[in-house]
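Work through the exercises below with the model open. Each task is followed by a stepwise solution.

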Amino acid sequence: MLYCLAVKMRIMAWVDLIWSLGVGLGALTYYMIATDQATTATCGLAIALLWSLRLSLFLLRDRILSGREDARYAHLKAYWGAKATRNFYGLFLLQVPLAALFLLPIQSALSHQATPAWLFAGLILALLGIGGEHLSDQQ
């Protein structure tokens, strides 16, 4: 359904939005089915959701609502020519297994306990990474 919207709007950046939201939804799903929703799992979920929502809002604002196509997708449209619509459909479908693959370390983090020192180090590293992504998005 969102693929049809992307074709109608002529903005294939929807694929990135679907992917980032899918990763956040997947992390939430793993958390909900976890048998032990301990501090480590809650922190892991919070990091995954923060990353997902930050990226999703950026993509929505900067790519989709602005009407500006991502340069990568503009290049692919030109390169694929008449086959672009078909090929982008495959790219949309590919997001499901890619999101599942990306979720493997998140699922592992949600199912294992960490010592307070490692948990703190992980949180600091994750927040620095998310902050760095935000900074690069502004450039």
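**Exercise 1.** Find which residues of the largest nonpolar core touch the most other members.

*Solution.* Start with the criterion: a nonpolar core is a set of buried Ala, Val, Leu, Ile, Met, Phe, Trp, Tyr and Cys residues joined through side-chain atoms within 4.5 Å. Buried means under 20% relative accessible area with a 1.4 Å probe, protein chains only. The largest such core has 16 residues, and Trp19, Val23, Ala27, Trp51, Ile106 and Leu110 touch the most other members. Next, assign elements, taking helices as DSSP runs of H or I, at least four residues, numbered from the N terminus. H2 (14-33), H3 (39-64) and H5 (84-110) each supply at least two core residues. H3 gives the largest share, 7 residues.

The model is predicted: local features need pLDDT of at least 70, side-chain atom pairs 80 or more, while totals for chains, interfaces and linings use all residues. Numbering runs from 1 along each chain as its sequence is written, and side-chain values use heavy atoms, without hydrogens or water.

**Exercise 2.** List what tryptophan 51 touches, not counting residues up to four places away in sequence.

*Solution.* Apply the contact cut-off, heavy atoms within 4.5 Å. The partners are Trp19, Ser20, Val23, Phe102, Ile130 and Glu133.

**Exercise 3.** Classify the residues of the lining of the largest pocket as nonpolar, polar or charged.

*Solution.* Count Ala, Val, Leu, Ile, Met, Phe, Trp, Tyr, Cys and Pro as nonpolar, Asp, Glu, Lys and Arg as charged, and the others as polar.

Note on methods:
Buried means under 20% relative accessible area, exposed over 50%, partly exposed in between (1.4 Å probe, protein chains only).
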